[in-house]
Amino acid sequence: MDVTETIYDVLVVGGGINGVGIANDAAGRGLNVLLCEMNDLASATSSASSKLIHGGLRYLEYYEFGLVKKALAEREVLLKNAPHIISPLVFRLPHQPHLRPAWMIRAGLFLYDNLSKRITLPKSRSFKFDQQSPLKSDIKKGFEYADAWVDDSRLTVLNALSAKAQGATILTRTQLVAAETIDGIWHLSLLDKASGETLIVRSKSLVNAAGPWVENITGKVVKERTHGLRLVKGSHIVVPRIHDDEHAYILQNEDQRIVFVLPFEQDYSLVGTTDVDYQGDPQDVAIETAEIDYIISITNNYFKRQITRDSIVHTFSGIRPLLHDEAEDAKAVTRDYTIELVTEGHAPLVNIYGGKITTYRTLAEAAVDKLTQVFATMKPAWTKQAALPGGDFTDRETLMAQYAEDFAWLPAALTTRYVRTYGTIAEQLLTGCESLADMGEDFGAGLYQRELDYLVANEWATTLDDVIWRRTKLGLLLDEQQKQRIHQYMSQIA
C-alpha cells in the first residue's frame with residue numbers, strides 16, 4: 001500500500017503502549033489506521049517502567065480510588081489476554097512501625113482487595129518473617145498481597161502486531177514534522193529517518209499519543225494550546241539476585257516513597273523506582289548518581305545481602321508524562337489520564353495526557369470512543385475479550401509441556417524463554433526445525449539466527465538494542481563481541 005495515496009481514517013503519533021493500543025483498538029473497529037513512531041516501538045517510557053500490572057497500592061494514600069479501582073479491574077483482563085508476558089506476582093511488604101502504621105496498611109490492603117473483583121489473585125494477609133528471610137533479622141512482620149508482572153516492551157510490540165493483523169500500517173523511525181488541515185483533512189509531513197525522505201500523508205483525524213513529547217506535537221507541529229505537562233523521571237537498577245525466593249518486595253522509605261525489588265530474568269533483581277521532576281529532552285534521560293545512591297541505600301536498609309555500585313549490571317530511566325495537578329511532590333502527581341478531542345480550527349485531533357501501563361487498554365478504548373463523533377458507523381469496542389498475539393492458550397506450564405513434546409530437541413531454558421516471550425508465536429520460530437543446528441547461527445545466550453530473522457522480518461527490529469533490550473532482555477547475558485556480531489549480521493540483512 002502506498003501511504004501517500006491513501007486517505008487514512010486515523011493517524012496515530014507515538015509507538016509507545018498508548019499509541020499502539022489506540023491503533024489496535026481503532027483498526028479492529030474497522031478504521032483505516034496509520035501509526036508513526038520516530039524511533040523504535042517502546043523505545044522510551046514503555047520499556048522503562050517498573051514492569052508491573054498493578055492497581056497502585058500507594059495511590060490510595062492520595063485518594064486515587066477511581067484510578068486504583070479501574071486498574072485493579074484491568075489487571076484481571078490483561079492476565080487473561082496475555083498469559084505469556086503477564087503473570088501473577090506476590091509482594092511482601094516489610095512493616096516498619098516508624099513509617100506507615102500497621103492499621104493504615106491493613107486498611108489500604110482491605111480496600112485493595114475489595115475495590116474490584118479478584119478472579120485470579122489471592123487476597124492479602126499478614127505475614128511473619130523467619131530466620132530464612134532475606135531481610136535483616138530485626139524485620140519480623142509484614143504483609144503479602146498480589147499484583148502482576150509484565151514484559152512492558154513486549155506488551156507494546158504485541159499490540160502493534162495485533163494492530164497490523166487488523167489492517168493497520170505501522171511505520172517506525174518515522175517522525176511527524178509538520179501538520180496542517182486542508183479542506184477538513186490532515187496533511188501530515190512524515191520524515192523517514194532511515195532514508196531522509198519526507199512523505200506527505202493524509203488522514204481524517206489525528207491522535208497525539210507521543211507520551212513525553214505530546215506537548216511538542218500540540219505546541220510546535222499542530223500549533224495547538226498546551227497544558228503544562230509534568231515530566232517525572234523514574235530510574236531502575238539491575239543487580240544479581242538479592243534474594244532467592246520468587247516473591248517481590250516493596251520497601252517503604254522515610255520520605256514516603258517506595259522501592260520495588262522484583263525478580264528479573266531468573267538471575268537478577270530489578271530495583272526501583274525513583275520519582276524525580278525532569279527538565280530537558282526526554283531522549284537524554286539517564287540515571288543520576290543521587291538516584292543510584294538512593295536506591296542502594298533503601299535496599300541495604302532492608303536486605304541482608306548488601307549491594308554496591310559495583311553490583312549494578314544495567315540501569316534504565318524513563319519519563320512519565322503526567323498531568324500537572326499542582327502536587328508539590330513528584331510521587332504525588334496523578335497517574336490517571338485525560339483524553340481531549342479538539343475540532344476547532346482544524347480537522348479532529350485527539351490528545352492523550354498521562355496514563356499508566358496497566359490502564360493502557362481502557363485508555364485506548366476511551367480514545368477511540370471519542371472518534372465516534374467523527375466515524376459514527378465504526379464497530380463497537382472489542383479488545384477486552386481478545387487475546388494478544390501469542391496469548392491464545394490457558395497456562396504457561398501446559399504450553400511448555402506441549403513444546404517439550406513437539407520439539408524435544410529444544411533445551412528447557414530456551415523453551416521457557418520462548419513461551420514467556422512469544423507464547424504460541426514461538427511455533428513460527430520452531431516449525432520445520434528438527435535440531436538446534438536447524439536454528440542457524442548461535443549468536444550467544446540462546447539467540448539463534450531463526451529468532452533474529454523473525455524479529456527483523458515481523459517485529460520491526462532494525463538495531464541491536466531493538467533485539468537485545470526491547471524484543472528480548474538478552475543484553476544482560478551477551479558480551480561485547482557477541483553484540484558486535486549481532487549488529488554485523490543485522491547490517492547484512494537490513
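I call a residue buried when its relative accessible area is under 20%, exposed when over 50%, and partly exposed in between, with a 1.4 Å probe and protein chains only. I am working on a predicted model, in which local features need pLDDT of at least 70, side-chain atom pairs count only at pLDDT 80 or more, and totals for chains, interfaces and linings use all residues. Residues are numbered from 1 along each chain as its sequence is written, and side-chain values use heavy atoms, with hydrogens and water left out.

**Entry 1: the whole chain**

I looked up burial. Of the 494 residues of the protein chain, 60% count as buried. I then took the secondary structure from DSSP runs, numbered from the N terminus: helices are H or I of at least four residues, strands are E of at least two. The protein chain has 13 helices and 20 strands. Its radius of gyration is 23 Å, close to the 23 Å from the globule rule for 494 residues, so the chain is as compact as a globular protein of that length. That radius is taken over C-alpha atoms, and the rule is 2.2 Å times the number of residues to the power 0.38. Along the principal axes, the C-alpha atoms fill a box of roughly 70 × 60 × 40 Å. I count a contact when heavy atoms are within 4.5 Å. Among contacts between residues at least 6 apart in sequence, 70% join residues at least 24 apart.

**Entry 2: strand β13**

I went to β13, residues 230–240. Ten of its eleven residues are buried, so the rest of the structure largely encloses this strand. Which strands pair with β13? I took two strands as paired if DSSP finds at least two bridges between them. β18 (residues 314–322) pairs with β13 in the antiparallel sense over nine bridges. There, I237 has T315 as its bridge partner. β16 (residues 268–272) also runs antiparallel to β13, joined by five bridges. P240 is bridged to Y268 in β16. β17 (residues 276–277) is antiparallel to β13 too, over two bridges. V232 and D277 are bridge partners there.

**Entry 3: the second largest pocket**

On a 1 Å grid over the protein atoms alone, a pocket is an open set of points with protein on both sides within 12 Å along at least five of seven lines, and lining residues have an atom within 4 Å of a point. The second largest pocket has a volume of about 570 Å³. Its lining holds 25 residues, and S43, S47, F316, S317 and R470 lie nearest the centre. β18 gives the most to this lining, with six residues. α12 (464–471) supplies at least two. By class, I find eleven nonpolar, ten polar and four charged residues.

**Entry 4: helix α9**

I checked α9, residues 412–422. Its buried residues include L414, R417 and Y418. The buried residues of α9 pack against α4 (152–165), α8 (396–406), α10 (426–430), α11 (449–458) and α12. G423 follows α9 and has a positive phi, near 60°.

Most residues other than glycine have a negative phi, and most peptide bonds are trans. I looked for exceptions. The bond from G272 to T273 is cis, with omega near 20°. T273 sits in the loop between β16 and β17. Q266 is not a glycine, yet its phi is positive, about 65°. Q266 is in the loop between β15 (258–264) and β16. W460, also not a glycine, has a positive phi of about 65°. W460 lies in the loop between α11 and α12. Is W460 buried or exposed? W460 is buried, with a relative accessible area of 14%.

Technical notes. On a 1 Å grid over the protein atoms alone, a cavity is a set of points where a 1.4 Å probe fits but cannot get out, and a pocket is an open set with protein on both sides within 12 Å along at least five of seven lines; lining residues have an atom within 4 Å of a point. Grid points are joined across faces, edges and corners, and a volume is the space filled by probe spheres set on the points. Ala, Val, Leu, Ile, Met, Phe, Trp, Tyr, Cys and Pro count as nonpolar, Asp, Glu, Lys and Arg as charged, and the others, Gly among them, as polar.
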